[in-house]
Amino acid sequence: MGASILIVHPDRKTQRAVQRILGVTGYRIDIADDLDQAIRLLAHAQPVLIVVDGASVLGPQAGPFLAAAKAAGTEACMTLLGGPLGDQVPKLLGLGAVTNLLVHPMPVLAEELTITAHKLIRGDLFGLEKYLLWGTELHALTLTRASQRADQVARLAEQVRSLGQSARVASMAMLVTDELLSNAVHNAPVDAAGEHYRKDLPRDRELELDAQHQVHMRWGCDARYLAIEVTDAWGTLDRDTILGALAKTDVRDSGGGAGMGVALAYRSCDHLVFNLAPGQRTQVIAMIDVRYPPAERVPASSYNIFVERTP
Amino acid sequence: MPEAHGRMTVVTERAGVLQIGGALDETSGLVELVGRAVEHELVLDLGGVTFINSLGVRDWIRMQAAATKAGVHLEMRKVSEPVVHQLNMIVATRGTGSVSSFYAPYACDACGREESRLIDAVANAAALQKMEAPPMVCPECSQPMAFNDFPERFFSFLATS
């Protein structure tokens, strides 16, 4: 049997909705009503992606199910949650059996699901273009000195406002960008022993950033999302650090290093994507939904963690 | 004349009352402000704060701790939306101070205007306790404005202040 996509959900309507969205990939779609049925299917299938109901996967059968997924070579598991993430994120920490972890509150957006499936199927993870409409103008800059961070963040806010976006959107963009840039400059670099040698340096200290230390940022807005992408050339941010930060219910507990910045960024955007190429580069894409006023938006964020396959 | 503390500015309105503006970050040195209290009272007008990052948050928490240690009561007035956002996300930033007024998002259904409006937290205490946003009128078309966030989310910072 060839590669497929497996949907595990007890609700027929959801099964059909997800099947319609993912059917366009051309992959065979297998459907299971529960984890037991999914485990039986996994004995004969190699799904590239599993989309699973959050309530099911947080139950007692999660362990055997994830072990079966790993044995089948599944690289990604998308968990669909029925409510806000806050209470459920800690439980999701245990879902370590598959490489990529994708968490979405319901209703999942067709566009996000499709983009995610294509990223995984094509093995092409990096780049914010995948999340923006064709033709969206992208702005790019490179930090060559640490002190440029504050000016670039302020400039971004001005540019976002000049595009007609609200002060609130600009404020969220500033916070997300500042935290992601700060992480990339100060927390990403490691020495030969794996020590993060810049994490405790005062953030107001000037640092010249050579080619290895430079941080690349791009952003664009397509009137649906304001997307901000920050990339470093270290690839040291790992899944456990990310999940640990996201799981904290009080940001102050996140401690030093990348934790607090990741946690604040997560709470200040609608969708956070981590593209990880261990030892090579880390790319974080934050998306702020600019379509709806705050009172009409679901107060929950989704996050995706993708890890590039090693050749 | 504003004093520059990195990217933050401080204007002394009068003894013990400081207007804070700009960005609260690693350059702010907020703890020093506690020394400007008068008779154990320090009023911070935060209407001009446009940005606060995680390092500003840490500095803010240290300032709150220093104030508590020195027996200084902090009154926060005209708290801007970026600061409210942090107060809501990070419980530790609320400290033991009190909020007398703050800005909140409103939108007009009739003309689409969005605006940050100042709410008197003392005069509207009863409504805010019930998570009800005080009514506002659009300055452009005089129609009622709607609160432009989830009250349970936006007003949660008032719970322990």
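Student: In which kind of crossing, left-handed or right-handed, does H1(A) pass H6(A)?

Tutor: This is a predicted model, and in it H1(A) passes H6(A) in a right-handed crossing. Helix H1 covers residues 12-23 of chain A and helix H6 covers residues 110-122 of chain A, and the two pack at an angle of about 50° with their axes 9 Å apart. Because of that angle, H1(A) is oblique to H6(A). On the side of H1(A) the residues that meet the partner helix are A:Val18, A:Ile21 and A:Leu22, while H6(A) brings A:Ala110, A:Leu113, A:Thr114 and A:Ala117. Sorted by class, the residues of this contact are six nonpolar, one polar and no charged.

Two other helix pairs of chain A can be set beside this one. Helix H2 (residues 35-42) and helix H4 (residues 62-71) of chain A have axes that come within 9 Å and cross at roughly 20°, and so H2(A) is roughly parallel to H4(A). Here the crossing is left-handed. H2(A) contributes A:Leu35, A:Ala38, A:Ile39 and A:Leu42 to the contact, and H4(A) contributes A:Ala62, A:Pro64, A:Phe65, A:Ala68 and A:Ala69; the classes are nine nonpolar, no polar and no charged residues.

Helix H7 (residues 148-162) and helix H8 (residues 167-187) of chain A pack at an angle of about 155°, their axes being 9 Å apart, and therefore H7(A) is roughly antiparallel to H8(A). The crossing of this pair is right-handed. Among the residues that make the contact are A:Val153, A:Leu156 and A:Arg161 of H7(A), together with A:Ala173, A:Met174 and A:Asp178 of H8(A). By class, the contact of H7(A) with H8(A) holds 11 nonpolar, two polar and three charged residues.

Chain A and chain B bury about 2100 Å² between them, with 61% of it on carbon and sulfur atoms. Within the area that chain A buries against chain B, A:Arg168, A:Met260 and A:Ala295 supply 21%, more than any other three residues. A:Arg168 also forms a salt bridge with B:Glu81, in which the closest N and O atoms are 3.3 Å apart, and the interface of chain A and chain B has three salt bridges across it.

Note on methods
Residues numbered from 1 in each chain as written. Chains lettered and ligands numbered in written order. Predicted model: local features only at pLDDT ≥ 70, side-chain atom pairs only at ≥ 80, totals over all residues. Heavy atoms only, no water. Axes fitted to C-alpha atoms, helices over the stretch in contact; angles between N-to-C directions. Helix = DSSP H or I, 4+ residues; strand = E, 2+ residues; numbered from the N terminus. Parallel < 35°, antiparallel > 145°, perpendicular 65-115°, else oblique. Left-handed = near helix turned anticlockwise from the far one by under 90°. Contact = heavy atoms within 4.5 Å. Nonpolar A, V, L, I, M, F, W, Y, C, P; charged D, E, K, R; others polar. Buried area = accessible area lost by both parts, 1.4 Å probe. Salt bridge = Lys/Arg side-chain N within 4 Å of Asp/Glu carboxyl O.
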